[in-house]
Amino acid sequence: MGVTLADILAARATIRGIADATPLIPSPFMSAQAGHEFLMKMETMQPIGAFKLRGAVNAVFNLPADTGGVTCCSTGNHGRGVAYAARARGMRAVICMSRLVPQAKVEGIRALGAEVRIVGTSQDEAMHESRRLCAEEGLADISPFDDPRVIAGQGTIGLEMIEARPDLRTLLVPLSGGGLAAGVAVAARAINPGIRVIGITMDRGAAMAASIAAGHPVEVPEYPSLADSLGGGIGLQNRLSFPLCRDLLDNVVLVTEDEIRHAMQVLYYEDRMVAEGGSVVGLAAVLSGKVALTGPTATILTGRNLDMATFTRAVTGQDVTLGDLTLKGKAYAA
Ligand SMILES: *Cc1c(COP(=O)(O)O)cnc(C)c1O
């Protein structure tokens, strides 16, 4: 079906030493709330602060040696992953972004050794430039989710979770383009066919959920969200992550901005941890009672690359402005 357990085992050998295994730790507070043991896979501890390093390293290290370099137009965790992976292989990386991208993000990518090319004022223009680089300068474009090597790299997370805890009954996987959920579901199902794998995303702009409901990839409007890493489409030409998510996910659950904020507060005040809004949607789904659990459950804390000003406002209970939506302040109460 495009990506198999064998691909994921091969990916693990490829990424070893660069994107290593992370801890899977129990949350006593969440376990009490869930009524079952609740564990968290700490992808926040990857060297770039997010799991995307796994897929990027597996993709970059599988390119032919004569590849001129790599490119992408992600300004988020995928861009960081590609930059880091290229440096690890001694390969050129060019990350294309629009003039609207905040300087802090530009500097973050540069600090990882990548060239940054600023083009135009939209993501579309940046994408056009990365396509031109592929055609004219022999660079390889790496998709953040619709690439078999990327999906196999992310799948190593599922492998580690099932090996550490063969008794897990449910995996709650943050979902955007679906590379993570597809890889984790392939690994988990191959080893334990009875396990439930549930995709979790925000209720505004849930492209994969809408696409699964429609039976084919569709576009949905995009909104600013506390879970900004989960925004963006799945690509109308999606070849791999869409069919894998459609066929392997038991369900997709949507959570609100209010529920995401509460989950960020829970993680911060109860477990003393900091993670992106996109990381805590699994906690949000449990805390809001939107998933029924039947035994030991695990989620993935996918990243920690958040905007500190927004995070501080959210956890301390101040109003947070997200485009057209003002999330009214709410102090944390268990
Ligand atoms: C990319 C990303 C996701 C979603 O992964 P997909 O493979 O696009 O579904 C979740 N959390 C964080 C922090 C991410 O960077």
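Colleague: In which hand does H7 pass H8?

Modeller: H7 passes H8 in a right-handed crossing, meaning the near helix is turned clockwise from the far one by less than a right angle. Helices are DSSP runs of H or I, at least four residues, numbered from the N terminus. This is a predicted model: local features need pLDDT of at least 70, side-chain atom pairs count only at pLDDT 80 or more, and totals for chains, interfaces and linings use all residues. Residues are numbered from 1 along each chain, and side-chain values use heavy atoms, without hydrogens and water.

Colleague: At what angle do the axes of H7 and H8 cross?

Modeller: Roughly 45 degrees, and the axes come within 7 Å. Axes are lines fitted to C-alpha atoms over the stretch in contact, with angles from 0 to 180 degrees between N-to-C directions. H7 and H8 are therefore oblique to each other (under 35 degrees is roughly parallel, over 145 roughly antiparallel, 65 to 115 roughly perpendicular, the rest oblique).

Colleague: What about H3 and H7, which angle there?

Modeller: Roughly 130 degrees, with the axes again within 7 Å. H3 and H7 are therefore oblique as well.

Colleague: Switching to the ligand. How many residues surround it?

Modeller: 14, with a heavy atom within 4 Å as the cut-off. Lys52 and Ser176 are among the closest.

Colleague: Which atom of Ser176 is 2.8 Å from a ligand oxygen?

Modeller: A polar backbone atom. Gly179 also has a polar backbone atom 2.9 Å from a ligand oxygen.

Key. Helix = DSSP H or I, 4+ residues; strand = E, 2+ residues; numbered from the N terminus. Polar contact = N/O pair within 3.5 Å; in protein donor to acceptor, adjacent residues only side chain to side chain.
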